[in-house]
Amino acid sequence: MHLRKVIAAVLIPFAAAVLVGLVVLWPGGAPAHERTGVGFDRQTQDATVTKVVEVSCKEAGASGVPPTGDTSTAEGSSAVQQEQGTCKRATIRVDSGDDKGRTFTEIVQPDQSRQLHEGQKVVVAYEPSAPKDLQYSVTDVNRRLPMALLAGIFAVAVVVVGRLRGVMALISLAISFMVLNFFILPAILQGSNPLVVAVVGASAIMLIALYLCHGLSARTSVAVLGTLISLLLIGILGSVFIDWAALTGNTDDNTGLIHGLYPTIDMSGLLLAGIIIGSLGVLDDVTVTQTSAVWELHEANPSMGWRGLYRAGIRIGRDHIASVVNTLVLAYAGAALPLLLLFSIAQSSVGTVANSELVAEEIVRTLVGSIGLVASVPVTTALAALVVSADRSATEPALEASAVPARGGRGRRRKR
């Protein structure tokens, strides 16, 4: 059995094709772009809240809707609160950009979800075409410090528990972000086919991450091959059902803004690219775990053939399938929870909710990814069982034969 040569004959040309794809599709940076001032496409600067004082909303003129006393609607209730409540006048100092040191004021209404306090770091949007006193406005809170601290805690935890493997995992994570930021996103913006870019980028991430974290070995190669087959299945199913369900991929403000700025981008292709990239991380986990399980089973019982290894490995895989599929569904449901809550408020039926494009996208994403994950278990387990059972040394049969006790009554007494 020459399964190692077969695997090499598949993976080496595949790796070469991925390298050629990276070279051919390499974008050389994101295209030049003039900011529109809409949504995320705004000029922003860092700023600090230097002073906050309480003022009457009525005196501050914060109420945009004249109060009528009717609180049965959200607008009427908000207008009454703004008319009768106490607002805050915040003074904000710009800390970066050409206008560093400039201050402006902003009224914070009592029903706003984001309240400002003195000393708080914020992000402000800048609109140069607006009147001078309205050019700056607070758009978000500056969260860089807590986010950086959380990332540091994560890195320390990975290194302490994973040791060298943890260090390699962090390096592969950094490389994955580099491939995403310097290849996948700019290439899509340059007009390349999102599906082709995603396949090439995801394949590069897969090869780098798996071999960097787990070493250049037959075990890792089996996991790579199982991941590749599963990604191919996900790509085919995703393409078929996105087209069949007429999913456009343009379902919210962000995708609408992208389509408005770059109308040549295939939004349905971008949706399929997201499904492939999103499934890759969980696929790596499943294939590596299944391969390791089969290898460890062989170490524990070298005499076990490939059928026995497959049966034992698939029993482990069934438990893995149950937990991973549940994880995927809950992850997507958690991300779409505000949307599902709106449907619940509207008392929409399950069929109506599932038929809406926003939810249908998540359903297709979840089910296609889950099918690929389920298929990866038997495929990877079978490949691993074949390779590891064919990897015995020539001396193992002789050693196993010598270990069998002789039949008959002689030679069985244990020497003391």
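Visitor: Which residue with a positive phi follows H6?

Guide: In this predicted model, H6 is followed by alanine 246, whose phi is near 55°. That is a positive value in a residue other than glycine. Alanine 246 lies in the loop between H6 and helix H7 (253–261).

Visitor: Why is alanine 246 called exposed?

Guide: Its relative accessible area is 54%. Exposed means over 50%, so alanine 246 counts as exposed.

Visitor: How do you know that the length of helix H6 agrees with its number of residues?

Guide: Helix H6 covers residues 218–244, which is 27 residues. At 1.5 Å a residue they should span 39 Å, and the end C-alpha atoms are 39 Å apart, so the two values agree.

Visitor: Where is arginine 163 found, and what is its phi?

Guide: Arginine 163 is in helix H4. Its phi is positive, about 55°, although it is not a glycine.

Visitor: What makes arginine 163 exposed?

Guide: Arginine 163 has a relative accessible area of 66%. The cut-off for exposed is over 50%, and therefore arginine 163 is classed as exposed.

Visitor: Why is the pair of tryptophan 26 and phenylalanine 183 called stacked?

Guide: The structure holds four aromatic pairs. In the pair of tryptophan 26 and phenylalanine 183, the ring centres are 5.7 Å apart and the planes are at 20°. Rings pair if their centres lie within 6.5 Å, and planes under 30 degrees apart count as stacked; the pair is therefore stacked.

Visitor: What parts of the chain does this pair link?

Guide: Distant ones: tryptophan 26 is in the loop between helix H1 (3–25) and strand S1 (43–56), while phenylalanine 183 is in helix H4 (residues 144–189), 157 residues apart.

Visitor: Is phenylalanine 183 buried or exposed?

Guide: Its relative accessible area is 0%. Buried means under 20%, so phenylalanine 183 is buried. Tryptophan 26, at 47% relative accessibility, counts as partly exposed, because that class lies between the cut-offs of 20% and 50%.

Visitor: Which residues do ring pairs link into a cluster?

Guide: Phe104, Tyr126 and Tyr136. Lysine 132 sits in the loop between strand S4 (121–126) and S5. At 63% relative accessibility, lysine 132 is over the 50% cut-off and so counts as exposed.

Visitor: What makes strands S3 and S5 edge strands?

Guide: Five strands form an open sheet in the order S3-S2-S1-S4-S5, with antiparallel pairing. Strand S3 (103–108) and strand S5 (136–141) each pair on one side only. Neighbouring strands of this sheet are turned by 45° against each other on average, direction ignored.

Visitor: How do you know that strand S2 and S3 pair?

Guide: Strand S2 (residues 86–94) and S3 are joined in the antiparallel sense over six bridges. At least two bridges are needed, so the two strands count as paired.

Visitor: Which elements supply the lining of the second largest pocket?

Guide: H4, helix H5 (194–214) and helix H8 (267–300) each supply at least two residues. The largest share, 11 residues, comes from H4. The volume of this pocket is about 600 Å³. Of its 22 lining residues, the closest to the centre are Ser172, Leu173, Ser176, Ala209 and Asp284.

Definitions and conventions: Residues are numbered from 1 along each chain as its sequence is written. This is a predicted model: local features need pLDDT of at least 70, side-chain atom pairs count only at pLDDT 80 or more; totals for chains, interfaces and linings use all residues. Side-chain values use heavy atoms; hydrogens and water are left out. Helices (H or I, at least four residues) and strands (E, at least two) are DSSP runs, numbered from the N terminus. The expected span of a helix is 1.5 Å times one less than its number of residues. Axes are lines fitted to C-alpha atoms, for helices over the stretch in contact, and angles run from 0 to 180 degrees between N-to-C directions. Rings of Phe, Tyr and Trp (its six-membered ring) pair if their centres lie within 6.5 Å; planes under 30 degrees apart count as stacked, over 60 as edge-to-face and the rest as tilted. Buried means under 20% relative accessible area, exposed over 50%, partly exposed in between (1.4 Å probe, protein chains only). On a 1 Å grid over the protein atoms alone, a cavity is a set of points where a 1.4 Å probe fits but cannot get out, and a pocket is an open set with protein on both sides within 12 Å along at least five of seven lines; lining residues have an atom within 4 Å of a point. Grid points are joined across faces, edges and corners, and a volume is the space filled by probe spheres set on the points.
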